Amino acid sequence: MPDLTEKWQTGDTAAFEALFRQYEKLVYRTAYLITGSKEAAEDILQEVFVSVWRSRHTYDAAKGKLTTWLHRITVNQCSRRKAGKASLAISLEEKGIDPPEMKRQVQPEEIAITRMEYQRLLQAMEALDAKHRSVLVLRYFNDLSYQEIAEALEIPLGTVKSRLNQSLKCLKARIEPGEASA
Amino acid sequence: MRKKEMDCQEIQELLTAYLDGEVTPEEKAYIEAHLADCSACRAELEAFSSIQRDLRSALTSIAEDAAPSLQVWEKIKDRLEAKESRRGFWSNFTFGRVTAAATAVVVLAIAIAVWQFGGFFGGMSSPPPAPISAPAPIEVPTTTPATPAAPEPTPAPEPTMPEIVIPDIVVPDIEVPEPSPFKVFEANVAPEEAYYLPGETIKVELSLSNVSSEPITVEPYPADVQVTSTPERVWYVTPDSGSMSEVLFPGDEVSLVFTWDQQDQEGNQVPSGWYNITFKDISITQGDSRYSINPTARVLIEYPQGAMEKTIELNESRTVNSITFTLERIELTATGMKVYAFNTPPDYNLPSGQPGPAPSLWLHAEAEYSFDGEVFKQTFPSGIRFLENGVQHTWGEYLDPAPKNAEEVTFRITKLGDWEGPWEFTVALQ
């Protein structure tokens, strides 16, 4: 939709609604995974799009992708919130899902083990601050390259690398407590 | 041995990037050569790889059936409508000029005035279209709902001054007034809020229309326009345009366009920050009724180097004259600074079941701020929120953003009611 940007930027509300529809899930899910709270994610989604509308004049398509800009606003909004009590791991438990990649026939106990592993991982994520959770989510959920993450968060490429590495180390230490002190 | 340990450490720093395909070819070769004969690093690689895989699956799995509620869009719409009601956010996007459908009997007077730097050029050939304004009419105040958009008869109301937030609990949501049979005229500024780069020409349009069934007189016409930085410093004023007046017959709309090249009265570029552009003291008369309005647009001139975006948690306290203020937090965004402070006034208590303490304790605080020792800028009085043990003060309306390279901000609370400060805080930003 090449015209969409131009139209909402000039104040066309129908185009702005179309923009919202196109990106609401992306923003909401990103915020949800960073904050661990659906309630916070919904507030953040609101704030992000109110902010997009108010600063529509400042977005310059020549300087970067729209999604990069959206990610930046989303992450900024997430880091403004204090970490809540909500937990992704609990949501996973409520969901009671089969992990999506398990297409082959699996034994029930195998699913249970995988779900437990996921839960430990998500619980371990809670130990990270918003800065580190943000890079994890942008990389492993939104599938952004390191360069794209650097642009979205306006941080150096080296910082992206080190934050990701530190985050994975921290997760590893927390899901393998035996090795944590090593 | 020592060499190998160093290698392992270095390698392990790179493993995440290696798995993500984000290393240089040289690094890749180096890592692979090392992995070939280091089982510890191979184990580490396997562990990281497994975490990455599980993390992707876990995040995807949990996100896939999380979706926002259907009300979010409505809430966004409501907020933007409330904010932009003066120019009719949702209803005015069929642009065009109002023409009094009535015909030959009615004299259709559409007058356009463009000021440019003191020059006044009448009758510009094709002015930009004026939004047809729907909500937020200025009404004859027979029944006056206490909304910020509803004007008072005289003296001059300032419909776009930022509201002072008395506690959230007692302030009803801002409602766009319903069109009323008593409506006399509509006044809209567009854009009501906009951002510009230094040197860009700023253009603000005021449209005024007569929506009643009798003629109205607008004076002075064209109105003077004043550019102020929040809240009081005057940077530019259009020269006195005399005491002309303009009669608008029912259905007529006039449009005034003010353009400003960001220069002060002496021809110097004004500093970055927020400015108010006010169409001053426009008087509208119909019969014995007279209304005075000051429609205002707000523009942000951005810093060439960009603005700093971060939140600083402080919780620092200063006590002056036995009154303690705690500066809790400073939020910096591209469009401004928001400051939160907390104070417990003497004898403060919050009676249960009441929206707030005794009205004598409804005290707003005055403050000023400066980045890197520049001239202090005054804030509007704080918004206040009553909490169990004291009052939270917020300054968030149109404080300038911080320049990206700013070293520090000094925030000085000068007064709380009759108590004199200053309670001064200097906060490092880098």
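Student: How many salt bridges are counted between chain B and chain A?

Tutor: The count between these two chains is five, in a predicted model where local features need pLDDT of at least 70, side-chain atom pairs count only at pLDDT 80 or more, and totals for chains, interfaces and linings use all residues. Side-chain values use heavy atoms, with hydrogens and water left out, while residues are numbered from 1 along each chain as its sequence is written, and chains are lettered from A and ligands numbered from 1 in the order in which they are written.

Student: Why is the pair Lys172(A) and Glu44(B) called a salt bridge?

Tutor: The term asks for a side-chain nitrogen of Lys or Arg within 4 Å of a carboxyl oxygen of Asp or Glu. The closest N and O atoms of Lys172(A) and Glu44(B) are 3.2 Å apart, so the pair meets that definition.

Student: What makes about 5100 Å² the area that chain B and chain A bury between them?

Tutor: Buried area is the accessible area (1.4 Å probe) that two parts lose on being put together, summed over both, so the value of about 5100 Å² covers both chains. Of this area, 62% lies on carbon and sulfur atoms. On the chain B side, Ile62(B), Trp73(B) and Arg79(B) lose the most area to chain A, together 13% of what that side buries.
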